[in-house]
Structures are given as structure tokens and as C-alpha cells.
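The sequence and the structure come next, and the description follows them.

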Amino acid sequence: MSNFVILHGVLCPAPLHYRIHPDGRSESLMAEADQSAHRKTIAIGLAGNCAEVADDDPQLVALRELLAGIHRRYPAITLGGHRQIRGSHTDCPGPAFPLARIHAWWGGAMLAAHDVWFEEVLASAYLPKLE
């Protein structure tokens with residue numbers, strides 16, 4: 001089981017589970033169960049220059065979609081940047097990457113959306129259909 005989602009810049013040599021391109025295209029590079037550079041992590045690499053990106057930037061939209069799916073599979077998982085790992089000597093995923101905005105979304109809007117999704121799943125599975 002994974003405990004952390006770690007965001008990397010694409011130039012980081014760490015093995016990645018996912019890569020997200022500037023156009024929003026994402027690709028799976030290895031199974032989530034496979035070990036990355038850090039034990040019990042899911043590594044996501046962000047390609048390109050992430051400086052001053054808007055919330056509707058295709059890469060950030062794709063990142064939020066991927067993170068929401070990961071959170072559904074691993075509800076107790078924690079989010080961080082590679083630079084936040086103790087002993088890491090890197091500014092990865094980049095000094096201008098909006099990590100604070102992603103953290104705010106992770107702890108706010110993403111959790112609210114997850115609750116709505118979960119209620120819909122429960123309702124569709126257990127509540128009678130009204131006609």
C-alpha cells in the first residue's frame with residue numbers, strides 16, 4: 001500500500017509511476033504497486049515549465065484528476081513534493097510549481113468532491129431507483 005504521492009519535475013531521475021505533459025496528456029509508466037525511488041510512494045512527474053500556471057491549465061487539470069483517482073484508491077494517502085522529503089537535496093517539482101495551491105485543493109475541494117462522489121456511488125448501489 002502507498003502512503004504518499006510525490007510530485008516530481010520531469011527532469012528528476014526518480015522512477016515515475018505517471019508522467020503528465022504540459023498539454024494535459026498523462027501516461028502510466030509503471031504499476032502503482034511497483035516501487036519508486038522512495039518506498040510506499042506513487043511518483044508523478046510533471047513535464048515542462050510549471051511556473052505561473054493557471055488553475056485551468058491542462059496539466060494541472062490532469063494532475064487533479066489523477067490525484068483524485070489515487071485518493072479514491074488510497075484514502076489515507078498524503079501528498080507532497082519531492083523537495084519535502086527529508087534528506088532530499090532538490091527543489092523538485094520546481095521552485096515555481098504551485099505546490100501550496102495543490103495542497104489547498106487536496107485538503108479542500110478535492111475532499112469535498114470525493115465526498116460527493118462517494119455519496120453517488122453509495123446511492124447508486126443501495127438506494128432504490130425512483131421513477
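A43 has a relative accessibility of 0% and therefore counts as buried; buried means under 20% relative accessible area, exposed means over 50%, and partly exposed lies in between, using a 1.4 Å probe and protein chains only. The place of A43 is strand 4, which covers residues 41-46. In sequence A43 and H17 are 26 residues apart, while their C-alpha atoms are 5.2 Å apart in space.

The model is predicted: local features need pLDDT of at least 70, side-chain atom pairs count only at pLDDT 80 or more, and totals for chains, interfaces and linings use all residues. Residues are numbered from 1 along each chain as its sequence is written, and side-chain values use heavy atoms, with hydrogens and water left out.

The chain contains three helices and five strands. Here helices (H or I, at least four residues) and strands (E, at least two) are DSSP runs, numbered from the N terminus. Read from the N terminus, the order of elements is β-β-β-β-α-β-α-α. The chain has 131 residues, of which 43% count as buried. Contact means heavy atoms within 4.5 Å. Among contacts in the chain with a separation of 6 or more, 68% are between residues 24 or more positions apart.

Helix 2 (residues 99-107) has the buried residues L99, I102, W105 and W106. Seen down the axis of helix 2, these buried residues fall within an arc of 125°, so they line one face of the helix; the arc is that of the directions from the helix axis to the C-beta atoms. The exposed residues A100 and A104 are on the face of helix 2 turned away from its buried side.

W105 belongs to helix 2. Apart from neighbours within four places in sequence, W105 is in contact with R64, L67, A68, M110 and L111. R64 is 41 residues from W105 in sequence, and the two are 8.5 Å apart in space, C-alpha to C-alpha.

How do helix 2 and helix 3 cross, and at what angle? Their axes come within 3 Å and cross at roughly 30°, with helix 3 made up of residues 109-126. Axes are lines fitted to C-alpha atoms, for helices over the stretch in contact, and angles run from 0 to 180 degrees between N-to-C directions. Helix 2 and helix 3 are therefore roughly parallel to each other, a term for angles under 35 degrees. A104, W105, W106 and G107 of helix 2 meet A109, M110 and L111 of helix 3. The residues of this contact divide into six nonpolar, one polar and no charged; Ala, Val, Leu, Ile, Met, Phe, Trp, Tyr, Cys and Pro count as nonpolar, Asp, Glu, Lys and Arg as charged, and the others, Gly among them, as polar.

| Residue | Relative accessible area | Class |
|---|---|---|
| W105 | 17% | buried |
| W117 | 29% | partly exposed |
| F118 | 41% | partly exposed |

W117 and F118 form a tilted aromatic pair, 6.4 Å centre to centre with 45° between the planes. Rings of Phe, Tyr and Trp (its six-membered ring) pair if their centres lie within 6.5 Å; planes under 30 degrees apart count as stacked, over 60 as edge-to-face and the rest as tilted.

Definitions and conventions: Parallel < 35°, antiparallel > 145°, perpendicular 65-115°, else oblique.
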